[in-house]
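Here is a short briefing on one protein chain. Look at the sequence and the structure first, then read the points below.

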Amino acid sequence: MTEAVSISLAANPIGQSSYQQAAAIADVINTSGSLLSVTAEATNGYAENVALIAQGDVEIAFTNNLMLAHGYYAMGDYTGVPAEKCLGVISLSCNKTHIIVPANSDITEVSAEQFKGKRIGIGQVGGTSRTDALNLMAALGLEPSDYQGYEVKGAEQTEMMKNGQLDVFIWNG
């Protein structure tokens, strides 16, 4: 590289782990003496990052493999975005999906029968928890009309569960 190059690294909202990781990566590169300059970009999360890559708004981004595949093939939430554009992606770890219920819950298993009609925190729009929750509900054979879904951040879901406003909290991390 003979000329300075600047790129954007799409992460998550400021304060979340992926943003902190992106900022650290940018700091290492930016202080290395290289002609490459990296800016850690705060975004609404992995789902948005795939669209940002496909549209050419950022050069590299954090996401997960499912969202990457959907973005690459322009399917699911990415129908209509340019196909085969999602190539610059970082995945640092495997997330596990957690299904949380109150200690006194009558829910004892993950099943359509036990989730039907329940108040379920499915995560914020643009987040991987929401994508995973919706995929789980579909795999169980549940339609969105079969349960009351709340598209809110994890912290808000925690408060809702404490206040008796949720029966199930789905989160990955």
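**Val58 and its contacts**

Leaving aside neighbours within four places in sequence, Val58 is in contact with Ser8, Ala10, Leu52 and Ile53. Contact means heavy atoms within 4.5 Å. This is a predicted model: local features need pLDDT of at least 70, side-chain atom pairs count only at pLDDT 80 or more, and totals for chains, interfaces and linings use all residues. Residues are numbered from 1 along each chain as its sequence is written, and side-chain values use heavy atoms, with hydrogens and water left out.

**Nonpolar cores**

- Val58 is also one of the residues with the most contacts inside the largest nonpolar core, along with Ala22, Phe62, Met67 and Tyr78.
- This core has 23 residues.
- A nonpolar core is a set of buried Ala, Val, Leu, Ile, Met, Phe, Trp, Tyr and Cys residues joined through side-chain atoms within 4.5 Å.
- Buried means under 20% relative accessible area, exposed means over 50%, and partly exposed lies in between (1.4 Å probe, protein chains only).
- Two or more residues of this core come from each of β1 (5-10), α1 (17-30), β2 (36-41), α2 (46-54) and β3 (60-62).
- The largest share, 7 residues, comes from α2.
- A second, separate core has 11 residues, including Ile107, Phe115, Leu142 and Ile170.

**Overall build**

- The protein chain has 6 helices and 8 strands.
- Helices (H or I, at least four residues) and strands (E, at least two) are DSSP runs, numbered from the N terminus.
- Along the sequence, the pattern is β-α-β-α-β-α-β-β-α-β-α-β-α-β.
- The C-alpha trace spans about 65 × 30 × 20 Å along its principal axes.
- Of the 173 residues in the protein chain, 39% are buried.
- Among contacts with a separation of 6 or more, 68% join residues 24 or more positions apart.

**Surface**

- The accessible surface of the protein chain comes to about 9,500 Å².
- Carbon and sulfur atoms hold 51% of that surface.
- Accessible areas come from the Shrake-Rupley method with a 1.4 Å probe; for residues, only the protein chains shown count as cover.

**Aromatic pair**

- The structure holds 1 aromatic pair.
- Tyr72 and Tyr73 form this pair, which is edge-to-face: 4.9 Å centre to centre, with 85° between the planes.
- Rings of Phe, Tyr and Trp (its six-membered ring) pair if their centres lie within 6.5 Å; planes under 30 degrees apart count as stacked, over 60 as edge-to-face and the rest as tilted.
- Tyr72 is partly exposed, with a relative accessible area of 24%.
- Tyr73 is exposed, with a relative accessible area of 56%.
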